[in-house]
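Me: Got a model open here and I'd like to talk it through. Can you keep it plain?

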Amino acid sequence: MSTANNPLCNYCNSTKVIKHGKTSTGNPRFRCRSCGKTWVLEKNEPDRPALAEIAEEYLNGKTCRDLVSVYHSSPLRINQKSGSS
Ligand SMILES: [Zn+2]
């Protein structure tokens, strides 16, 4: 049986953690079998840079490819964001 990235308990750091459903936003909820507490594991999404930042770097001569490497976004999406005309 694989233990696929079970987190530690937020409260007692126990590894005896089981999945305990999901929230309405789809974040997994866990329950600790040691202390009995439940908590929600928030999805760790990277902060998205502000559009102004992207546009500024774009104007400063960075190519889409550069921006992709920085922001881990697709060229198409960046074009859509920065091409406002
Ligand atoms: Zn615990």
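Me: What order do the strands of the sheet come in, and how do they pair?
Reply: In this predicted model, 3 strands make an open sheet in the order S1-S2-S3, with antiparallel pairing. Strands here are DSSP E runs of at least two residues, helices are H or I runs of at least four, and both are numbered from the N terminus. Two strands count as paired if DSSP finds at least two bridges between them.

Me: Which ones are the edge strands?
Reply: Strand S1 (17–22) and strand S3 (38–40), each of which pairs on one side only.

Me: And the twist?
Reply: From one strand to the next, the twist averages 30 degrees. Axes are lines fitted to C-alpha atoms (for helices, over the stretch in contact), and angles between N-to-C directions run from 0 to 180 degrees.

Me: How many bridges join S1 to S2?
Reply: 4 bridges, with S2 covering residues 28–32 and the two strands running antiparallel. Lys22 has Pro28 in S2 as its bridge partner, and Ile18 stands opposite Arg31 in S2.

Me: What's in the turn there?
Reply: S1 and S2 form a hairpin with 5 residues between them, and Gly26 in that turn has a positive phi of about 90 degrees.

Me: Which residue other than glycine has a positive phi?
Reply: Asn13, with phi near 60 degrees. Asn13 sits in the segment before S1.

Me: Is Asn13 buried or exposed, and why?
Reply: Asn13 is exposed, because 12 other C-beta atoms lie within 10 Å. The cut-offs are 20 or more other C-beta atoms within 10 Å for buried, 12 or fewer for exposed, and partly exposed in between, with C-beta atoms placed from the backbone.

Me: Zooming out, how much of the chain is buried?
Reply: Buried residues make up 7% of the 85 residues.

Me: What about the element order?
Reply: The chain has 3 helices and 3 strands, running β-β-β-α-α-α from the N terminus on.

Me: And the confidence?
Reply: Mean pLDDT (the predictor's confidence in each residue, from 0 to 100) is 76 for the chain, and 64% of its residues reach 70 or more. Among the elements, S2 has the highest mean at 93, while helix H3 (residues 75–82) has the lowest at 59.

Definitions and conventions. Residues are numbered from 1 along each chain as its sequence is written. This is a predicted model: local features need pLDDT of at least 70, side-chain atom pairs count only at pLDDT 80 or more; totals for chains, interfaces and linings use all residues.
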